[in-house]
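Here's a quick tour for anyone opening this one up for the first time. Have a look at the picture, then follow the notes below.

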Amino acid sequence: MKVLIVDDSRVMRQIVTRTLRQAGYTELALIEASNGLEAYDMVQSQSPDLVLSDWNMPEMNGFDLLKSLRGRGHAVPFGFITSESTTEMRAKAESAGALFLVAKPFTPESFKDALTPVLG
Amino acid sequence: MMTLALAPAELKSMVDEIWSSLFQPVPTDADDADMGSDLVVGFVDISGGWLGRVAVETTDAGAVAIASSMLAAEPHTLGDEDLADAIGELANIVGGSVKSCVEGQSSLSLPSVERQNVLRHGTSELMTVTTHWLDHPLRVRVQQIRVVEELTANGAHHLDAAS
């Protein structure tokens, strides 16, 4: 399975990658984008099975990425990994079609809880 | 005016939890931090009903050690961009948690990184959490900002630190 990690921070993309491995997802093919615009193109060109996206990014934020994908009929499973996790943001994410929102800082366990329904 | 529902002890717990998830060994508490002259500061601003700045401060050597740990990379391979990325992301994570304690709607800026103090001296400093990690100082500061009405012809607002 292929997972697209979207975050403007290379440090955070590295930590997400490491945490996925620690959560037991060692066979995933991981690809990366540094903002929503880049991610939008990669969803179309590389057809990932899951998008893990930051919310607050330059160029195009994660919420606009999700809205753009759904607006164009892309049903790729989508989850947020973000430093903000208010009730309002969770509700907004869910109503736009996100499967989950994992708050930073996260643990391998919180990744497993969020990803098991999607990746098994 | 909206408020920040966060007590100093709660900020301490919040920062401890974040540091525990990101750093090995876990940073230790410190009474004070000597930042010397090579300060590196990552910060984010919270705007909305409550205005404030959340800053994460360390030294240049501290930033190298932190970036090396977070990127799992040798220190000599790291550039300024990597240090800014690491310290900025720390500010983003702490700032996001602080924002969740602001009552009502607010927004979080993208992180910025500077090599100078970004908080105003001599003004009220809401809260500080000071730790050491691998002998490097690592400090979080949360400062409220108030809007000062300036008597200008165009009625523009001027942002100033709370006093």
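Two residues are in contact if their C-beta atoms, placed from the backbone, lie within 7 Å. By that rule, and not counting residues up to four places away in sequence, His132(B) touches Pro27(B), Thr28(B), Ala30(B), Pro137(B) and Leu138(B). Before going on, keep in mind that this is a predicted model: local features need pLDDT of at least 70, side-chain atom pairs count only at pLDDT 80 or more, and totals for chains, interfaces and linings use all residues. Residues are numbered from 1 along each chain as its sequence is written, while chains are lettered from A and ligands numbered from 1 in the order in which they are written.

**More on His132(B)**
- His132(B) sits in strand β6 (residues 127–133) of chain B; helices (H or I, at least four residues) and strands (E, at least two) are DSSP runs, numbered from the N terminus.
- Is His132(B) buried or partly exposed? It has 16 C-beta neighbours inside 10 Å, so His132(B) counts as partly exposed.
- The cut-offs go like this: a residue is buried if 20 or more other C-beta atoms (placed from the backbone) lie within 10 Å of its own, exposed if 12 or fewer, and partly exposed in between.
- Ile66(B) is 66 residues away from His132(B) along the chain, and their C-alpha atoms are separated by 12 Å.

**Chain B overall**
- Chain B has three helices and eight strands, and along the sequence they come as α-β-β-β-α-α-β-β-β-β-β.
- Of the 163 residues in chain B, 38% are buried.
- Take the contacts in chain B between residues at least 6 apart in sequence: 66% of them join residues at least 24 apart.

**A hairpin in chain B**
- Strand β2 (residues 39–48) of chain B runs antiparallel to β3(B), with eight bridges joining the two; strands pair if DSSP finds at least two bridges between them.
- The two strands β2(B) and β3(B) make a hairpin, with three residues between them.
- Across the pair, Phe43(B) stands opposite Ala55(B) in β3(B).
- Strand β3 (residues 52–59) of chain B is mostly covered, with seven of its eight residues buried.

**The nonpolar core**
- A nonpolar core is a set of buried Ala, Val, Leu, Ile, Met, Phe, Trp, Tyr and Cys residues joined through C-beta atoms within 7 Å.
- The largest one has 71 residues, and those with the most contacts inside it are Val54(B), Ala86(B), Ile87(B), Ala91(B) and Val94(B).
- Helix α3(B) gives the most to this core, with nine residues.
- Leaving aside neighbours within four places in sequence, the contacts of Val54(B) include Phe43(B), Ala91(B), Val94(B) and Val142(B).

**Where the chains meet**
- Chain B puts 17 residues into the contact and chain A puts in 16.
- On the chain B side, α1 (8–22), α2 (60–71) and α3 (80–99) each supply at least two residues.
- The largest share of that side, eight residues, comes from α3(B).

**The sheet in chain A**
- Five strands of chain A form an open sheet with parallel pairing, in the order β2-β1-β3-β4-β5.
- At the edges stand β2 (29–33) and β5 (100–103) of chain A, each with a single partner strand, so one side of each is left without a neighbour in the sheet.
- Strand β4 (residues 78–82) of chain A runs parallel to β5(A), and four bridges join them.
- Gly79(A) has Phe100(A) as its bridge partner in β5(A).
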